Amino acid sequence: MKTLSDLFSQFPLPIISGSPTQIEIRSITSDSRKVRQGDIFVALSGEYFDGHKYIPNAIEQGAVAIVGEQAITNLPVTYIKVENARQSLAHLAAAYYDYPARELTMLGVTGTDGKTTTSNFLYQILREAGLKVGMISTVNAIIGNQVLDTGFHVTTPDALDTQHYLAQMVDAGLTHVVLETTSHGWAQYRVDACEFDIGVVTNITHEHLDYHGSYEAYRAAKARLFTSLEDTMDKPQGNPRLAVLNKDDISYDYLSRIAPGPQACYSVDASASARAQNVNYLPDGIEFDIVTDTLHVAVKTNLVGSYNVSNILAAFSVAVFGLGIDAEVAARGIAALVGIPGRMESIDMGQDFTVIVDFAHTPFALKAAIESARDMTKGRVIALFGSAGLRDREKRRMMAEVSVKQADLTVLTAEDPRTESLREILSEMASGAIGKGGVEQESFWRIEDRGEAIHFALTLAQPGDMVLVCGKGHEQSMCFGEIEYPWDDLIATRAALGKFLGVDAPEMPYLPTQDK
């Protein structure tokens, strides 16, 4: 069992007051409700709560040490004051689990869109190369043969869970980890002690400005993946410290200036370390050539969508330039990825039009999904989506504008309204649609209940059309008020198709909008 002194022995941050003692520590938690005898309680300050208020509760439940940011005296247990409790939690969690990232080659993936797909391509390439690789992504954590759910709406798990996953990977004998990271994860220091060896970015577009305040702050949060490469400790297996950047993205100039050490870049159509040539879009995937200064390799993927050319280039660059994997091996890994839940996932129940479920929930991703739909069908494109409550409000207008311009028909509906008025969210989206020439009840509709909206979109479809159900993808819940209701767009779409076709199908999941 570790002592408090053990946990602080390699602590890289300033301790403002208090001295770690030799008291034994059972575990670490930032949730006062989970404190047990012998734990450290780390008091975090958040947007809606202040963990310092729960210090008395934590001590009453058995906490033997407290870490916080406020000046507090006369506690009956050791109190360590730090500058940043969230950042401290990440380093304490790493110490508690014996710094697992130092025994692993850590591959970090960030970006607004395409993180999960890029992570999965990279995971398959490493598997094809015979490496013992684990992955933590939006969809799940894969540790050997074990697959763990990583949560409803969380891409990057909290610091304690992340370090626990990494420790499990070390115990399982893994050597490499693909870790998908978000701007929230970096801004909240959840991955600060992950000691990344290679970082790759997909793109940085309009998203989460409600949280970060500006595009520049959002971009800076993601950039921490690259600046952190310099702080990674030397590892026995070596430290590539490579930054892989997207030369086609507006973030390129900024990231290329601030990323320390070696860099590689990729591009769909410009000069770069890795670039695409002879791109051919097929009904069942994409084939193209990847060209570098020294090699030329043909690749094919089962995934559809033009944006996947960029995702493949990103994963390929990490594997070949960063890890030295043979290009032909990388190509086989790319071909091995069959699909990803909720990413351009086709549902066929015998209808005479195409139905696809996708996670697109940003203006850029929605535009890319609709453009891909155009490549896949000669008929009309019918796009269905919503915009989340308590999130970036400007995105609501922008997504509606994109759809009215790019799709033939648009259905606006619920997507995690949370404590906001769903009616007002849809009104903001409708204003954006009208501003770009949309005509309500002719080119766009707003239907509050998502299940009803999906069914309505199906009734609009004619033979050869495509219905795109966007925004939820793989997610397994939808938030109304403060309640997460079980919801799966794949199940809901099958339920709506069953009703539309008059065939057996799953039951439509319940949402409170069904009661109105």
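Which residues is leucine 468 in contact with, leaving aside its neighbours within four places in sequence? In this predicted model, leucine 468 is in contact with Met344, Ile356, Ala369, Ile370, Ala373, Val381, Ile382, Ala383 and Leu384, once those neighbours are set aside. Leucine 468 is also one of the residues with the most contacts inside the largest nonpolar core.

**Nonpolar cores**

- The largest nonpolar core has 56 residues, and those with the most contacts inside it are Phe385, Val467 and Leu468.
- Helix α14, which covers residues 422–435, gives this core its largest share, namely six residues.

**Helices α15 and α16**

- Helix α15 (residues 450–460) packs with helix α16 (residues 489–501) at an angle of about 50°, and the axes of the two helices are 9 Å apart.
- Because angles under 35 degrees count as roughly parallel and those from 65 to 115 as roughly perpendicular, this angle makes α15 oblique to α16.
- The crossing in which α15 passes α16 is right-handed.
- On the α15 side the contact is made by Arg450, Ile454, His455, Leu458 and Thr459, while α16 brings Asp489, Ala492, Thr493, Ala496, Leu497, Lys499 and Phe500.
- Sorted by class, the residues of the contact between α15 and α16 are six nonpolar, three polar and three charged.

**Phenylalanine 456 in helix α15**

- Phenylalanine 456 is found in helix α15, and it counts as partly exposed because its relative accessibility is 22%, where buried would mean under 20% and exposed over 50%.
- Not counting residues up to four places away in sequence, phenylalanine 456 touches Val411, Trp445 and Ile447.
- The C-alpha atom of phenylalanine 456 is separated by 14 Å from that of glutamine 514, a residue 58 residues apart from it along the chain.

**Helices α12 and α13**

- Helix α12 (residues 363–376) and helix α13 (residues 394–406) have axes 9 Å apart and pack at an angle of about 15°, which means that α12 is roughly parallel to α13, since angles under 35 degrees count as such.
- The crossing of α12 and α13 is right-handed.
- From α12 the contact draws on Pro363, Leu366, Lys367, Ile370, Glu371 and Arg374, and from α13 on Lys395, Met398, Met399, Val402, Ser403 and Gln406.
- Six nonpolar, two polar and four charged residues make up the contact of α12 with α13.
- Ile370, one of the α12 residues in this helix contact, is also among the residues that leucine 468 is in contact with.

**Helices α3 and α5**

- The axes of α3 and helix α5 (residues 159–171) cross at roughly 25° and come within 9 Å, and the two helices are therefore roughly parallel to each other.
- The crossing of α3 and α5 is right-handed.
- Leu89, Ala90, Ala93 and Ala94 of α3 make the contact with Ala159, Leu160 and Gln163 of α5.
- The contact of α3 with α5 has six nonpolar residues, one polar residue and no charged residues.

**Residues with a positive phi**

- Tyrosine 99, although it is not a glycine, has a positive phi of about 50°, and its place is in the loop between α3 (85–96) and β6 (105–110).
- Tyrosine 99 has a relative accessible area of 14% and is therefore buried, the cut-off being under 20%.
- Asparagine 278, likewise a residue other than glycine, has a positive phi near 55°, and its place is in strand β14 (residues 274–282).
- Asparagine 278 is exposed, because its relative accessible area is 57% and the cut-off for exposed is over 50%.

**Serine 310 in helix α10**

- Serine 310 is found in helix α10, which covers residues 307–323, and with a relative accessible area of 15% this serine is buried.
- Leaving aside its neighbours within four places in sequence, serine 310 is in contact with Asn246, Tyr266 and Val268.

Methods
Residues are numbered from 1 along each chain as its sequence is written. This is a predicted model: local features need pLDDT of at least 70, side-chain atom pairs count only at pLDDT 80 or more; totals for chains, interfaces and linings use all residues. Side-chain values use heavy atoms; hydrogens and water are left out. A nonpolar core is a set of buried Ala, Val, Leu, Ile, Met, Phe, Trp, Tyr and Cys residues joined through side-chain atoms within 4.5 Å. Buried means under 20% relative accessible area, exposed over 50%, partly exposed in between (1.4 Å probe, protein chains only). Helices (H or I, at least four residues) and strands (E, at least two) are DSSP runs, numbered from the N terminus. Contact means heavy atoms within 4.5 Å. Axes are lines fitted to C-alpha atoms, for helices over the stretch in contact, and angles run from 0 to 180 degrees between N-to-C directions. Angles under 35 degrees count as roughly parallel, over 145 as roughly antiparallel, 65 to 115 as roughly perpendicular and the rest as oblique. A crossing is left-handed if the near helix is turned anticlockwise from the far one by less than a right angle, and right-handed if clockwise. Ala, Val, Leu, Ile, Met, Phe, Trp, Tyr, Cys and Pro count as nonpolar, Asp, Glu, Lys and Arg as charged, and the others, Gly among them, as polar.
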